[in-house]
Amino acid sequence: MTFNANHVPTETPSAQPVNGSSPSPSQPLQITDDLDLLLAILPDYIRYPLEQHPLRNVLVEVVLDLGRQPEARFPGSSEYLTNEPITRADLQYCVDRVGIFSGDNRAGIEKTLHRISAIRNRAGDVIGLTCRVGRAVFGTIGMIRDLVETGKSILMLGRPGVGKTTALREIARVLADDFNKRVVIIDTSNEIAGDGDIPHPALGRARRMQVARPELQHQVMIEAVENHMPEVIVIDEIGTELEAMAARTIAERGVQLVGTAHGNRIENLMKNPTLSDLVGGIQSVTLGDDEARRRGSQKSVLERKAPPTFDIAIEMLERQKWVVHEDVAVTIDMLLRGKQPGYQVRTVTDEGEVSITQETPPNPGANRPRSLPLGDGFSSGNREMRGGWRMSGQMRPVPSYIEPKAPNPPASFAARADHQSFDELLNSSLEQASPRLVEPFADEHTVGPNGEDLPIHLYPYGVSRHQIEQVIRTLHLPFILTKDLDEADAVLALRSHIKNHSKLRQLAKTRELTIYTVKSNSVPQIIRALQRMMRLDEDGIEAPIDLNLFSRDGDEDELDALEEARLAVEQIVIPKGQPVELLPRSAKVRKMQHELVEHYRLKSSSFGDEPNRRLRIYPA
């Protein structure tokens with residue numbers, strides 16, 4: 001961008017799409033800063049070092065504090081310009097050469113974008129100045145030009161100094177000049193269009209309305225809509241509740257809003273009671289018993305109060321890296337439900353091209369192929385990982401042992417003379433354990449047994465979500481739990497609950513959803529129900545058991561006891577049809593063994609007195 005003597009732009013850079021969809025500036029960014037006019041207000045002994053400074057073109061601001069050395073600040077560094085301290089005469093010299101300070105202690109230089117901010121003492125005297133360089137940067141909105149074209153309201157967030165106002169200025173120019181829209185800028189501190197009555201030429205055809213006092217900004221916003229028929233209103237630094245309410249009023253009248261607010265992320269606005277209305281507002285609601293059970297949440301939850309004022313939110317993390325939330329309503333709803341929303345990351349490369357990356361939060365189990373083995377990917381190469389053979393979920397039955405000469409009455413499993421000791425069985429199982437890959441759906445990566453798309457969305461009702469998630473995660477089953485009945489492919493409910501819930505049965509019937517029931521919240525019941533959904537039982541596929549499903553703490557004692565029960569069932573009870581007694585265990589461990597035996601559809605009972613109480617397993 002070049003300027004003639006009258007500061008009239010003679011060239012307007014264009015933005016072109018990359019790969020047919022992504023906008024990209026076709027030329028390097030064009031910058032004008034009128035830096036000489038800012039340096040002219042400084043005393044000579046401060047101005048001279050800056051005029052010769054090698055980093056002059058990237059100067060951010062000059063800080064003048066009474067009794068301290070003048071300081072020049074650059075991106076990532078700062079330095080003193082002279083050893084002489086600032087005097088009151090130096091400050092007055094600068095004040096005399098700038099415009100009038102407004103109620104927010106800001107002033108400017110006519111026909112420039114520079115901002116001079118004052119620090120005053122209790123008596124109202126100026127004791128410090130911050131002279132901030134204002135630059136018109138053309139081409140900054142190449143990253144979001146496609147969003148600006150949509151006509152939706154856009155909110156830009158970011159820390160001070162990241163370039164919000166610069167981007168706002170360029171958006172106003174593009175909307176006015178390139179799209180021929182009626183644009184009105186509410187310029188409270190004259191920071192967007194510069195000081196004086198004539199707006200800076202960087203605004204193009206956009207009009208500017210000044211604000212007499214900062215606290216009147218909301219009134220000027222409404223006045224602009226009522227008097228000047230704008231199609232777009234541009235607002236910088238929405239900071240009060242009245243301004244947020246005025247912004248909502250404007251948006252409801254069908255006017256496109258483009259504004260900024262201080263706050264790094266959209267979560268900051270949600271937590272800010274003053275500005276939360278910009279994203280719809282947050283309210284606490286109390287759910288009914290059925291709704292709380294359906295969602296699997298507490299009865300008191302936070303929800304969005306109204307539609308967001310702004311449709312799109314942009315988090316300006318860096319000058320060349322922006323995060324885009326294309327649907328603020330969806331983002332806020334997901335955050336309130338404790339989920340991580342998806343978003344876009346837009347960056348500008350050194351060549352000036354825009355790179356757009358769609359970031360989707362990981363969804364455990366959503367993309368796992370159904371042909372994965374049941375377990376945690378156990379193979380000969382990772383047998384030494386933590387948990388070893390137990391964590392793999394692979395429990396290969398050990399070879400058959402010597403057949404007993406005659407049936408024996410139930411006896412302690414460890415004391416049987418006909419078999420090797422439990423330790424030998426355990427060691428043999430460990431040594432001969434090899435991956436047994438079960439691929440029941442190797443040829444069906446995308447379609448379930450009933451023709452449904454995978455993964456299957458499961459709606460639990462009255463069943464422990466934690467235990468269902470544990471089974472799905474451990475067995476790598478293609479299920480996703482959902483709290484929305486409209487998204488569900490099937491329902492898993494506790495039998496005692498579903499009997500008295502006619503509404504749920506009716507909804508499931510209307511949506512043609514199958515309801516699978518379990519008698520209790522036990523792991524075997526849940527495993528069996530999920531197997532029924534996958535038709536594993538019908539296909540005669542026997543899935544390996546992962547002992548971690550039945551263990552509470554995952555310690556060695558629990559896993560050893562469960563392995564003892566597994567070996568007893570697979571080596572004695574099922575193949576030989578004989579009852580077996582296990583070693584004495586605590587009540588907690590015996591309960592785990594009972595659940596494991598139940599998984600095999602066998603009966604078991606505890607007998608004996610503590611501390612020698614133990615489990616007896618009966619054949620079917």
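Q: Which strands pair with β11, and in what sense?
A: Strands are DSSP runs of E, at least two residues long, numbered from the N terminus. Two strands pair if DSSP finds at least two bridges between them. Here β11 runs parallel to β15, joined by five bridges; I154 has V258 as its bridge partner in β15. β11 also pairs with β18 (residues 312–318) in the parallel sense, over four bridges. There, M156 is bridged to I314.

Q: How far can I trust that?
A: This is a predicted model: local features need pLDDT of at least 70, side-chain atom pairs count only at pLDDT 80 or more, and totals for chains, interfaces and linings use all residues. Residues are numbered from 1 along each chain as its sequence is written, and side-chain values use heavy atoms, with hydrogens and water left out.

Q: Are the faces of β11 buried or exposed?
A: In a regular strand the side chains alternate between the two faces of the sheet. Buried means under 20% relative accessible area, exposed over 50%, partly exposed in between (1.4 Å probe, protein chains only). In β11, I154, M156 and G158 on one side are buried, and so are L155 and L157 on the other.

Q: Which residues touch the most other members of the largest nonpolar core?
A: A nonpolar core is a set of buried Ala, Val, Leu, Ile, Met, Phe, Trp, Tyr and Cys residues joined through side-chain atoms within 4.5 Å. In this core of 31 residues, they are I186, I233, I266 and L278. β11 (154–158) is among the elements giving two or more residues to this core.
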